[in-house]
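Hi,

Here is the structure I promised to pass on. Have a look at it first, and then read my notes below.

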Amino acid sequence: MEKWNQTSDDFILLGLFPSNQTGLLLLFLILFIFVLASVGNSTMIHLIRLDPRLHTPMYFLLSQLSLMDLMYITTTVPKMAFNFLSGQKCISFLGCGVQSFFFLTMACSEGLLLSSMAYDRYVAICHPLHYPICMSKMMCVKMIIGSWILGSINSLAHTVYALHIPYCQSRAIDHFFCDVPAMLPLACITASYGRVLFAVYHMRSKEGRKKAFTTCSTHLTVVTFYYAPFVYTYLRPRNFRSPAEDKILAVFYTILTPMLNPLIYSLRNKEVLGAMTREFGIFSTKKE
């Protein structure tokens, strides 16, 4: 049985294929597909750049799609192949973050770009007379830049979130790349709060312990309201999920939680109540 050193901050990628002849054959198949994809997308980009007849909005967007596909597959396959052939399944904390960022950026940006391409075809077919205006060169540039920027922002938020949360002793990711949903089951958020509560319980000052418990309980309430429906929605098996239930839970953590957070933080926080009293005069606090 393979064993890995988990005393460092490195993650372990369990990989896609078993370490045997069958796995090697499948890896070569993946590498063949990788070469075809790389050559095909590179060729498309080169052709669109050189041929003036392809300098139209549709092909301009298509060249960006090829670039995204090229970066998309390059983000995961080379590392997967290196790990399989070398027998080293480790990926550094920083490397995992970089891989996750670029993968999510490509995934989100490509989705947005595909929407832009669908709009391009819609205008060309349904409103051909308006096509030169609606799909001008400047509009294409805005669509492309918007796709990259929004994809990067979305990716950065998810990557920072995934790497910021604490992880338990096991850092073995059951995947062949650092995919955020595959990383979340390794998180030990509850354990980290347990350590905080343990430290608070052993505080010598009774007043300090009471204040700390109040602060922690408030934060834990907010964390529970946010993570409980989120985890229940996304970490369940797909066959146990229904669109109706997902929508109800989404309402909870996207609409109700933002509404409840100010109430939770203010009604149990003397500093906030005091500030509201000074500014609005609507609360009064008892002097101790």
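**Aromatic pairs**

This is a predicted model, and if we pair aromatic rings whose centres lie within 6.5 Å, we get four aromatic pairs. Take Phe-103 and Phe-177: their ring centres are 4.4 Å apart and the planes sit at 45°, so this pair is tilted. For "tilted", the angle has to fall between the under 30 degrees of stacked rings and the over 60 of edge-to-face ones.

The two partners come from distant parts of the chain, 74 residues apart. Phe-103 belongs to helix H3 (residues 93–126), while Phe-177 is in the loop between strand E3 (172–173) and helix H6 (180–183). Are these two buried or exposed? Phe-103 and Phe-177 are both buried. Tyr-72 joins them too, as ring pairs link Tyr-72, Phe-103 and Phe-177 into a cluster.

**Helix H2**

Where does H2 bend? At Thr-74, by about 30°, with a proline, Pro-78, following within four residues. Just after H2 comes Gly-87, which has a positive phi of about 80°.

**How confident is the prediction?**

The chain's average pLDDT is 76, and 62% of the residues score at least 70. Residues 1–7 are below 50, and this stretch has seven contacts in the model beyond near neighbours in sequence.

Cheers

Key:
Residues numbered from 1 in each chain as written. Predicted model: local features only at pLDDT ≥ 70, side-chain atom pairs only at ≥ 80, totals over all residues. Heavy atoms only, no water. Phe/Tyr/Trp six-rings, centres within 6.5 Å; stacked < 30°, edge-to-face > 60°. Helix = DSSP H or I, 4+ residues; strand = E, 2+ residues; numbered from the N terminus. Buried < 20%, exposed > 50% of the residue type's maximum accessible area, 1.4 Å probe, protein only. Bend = angle between axes of the 7 residues up to and from the residue. pLDDT = per-residue confidence, 0-100. Contact = heavy atoms within 4.5 Å.
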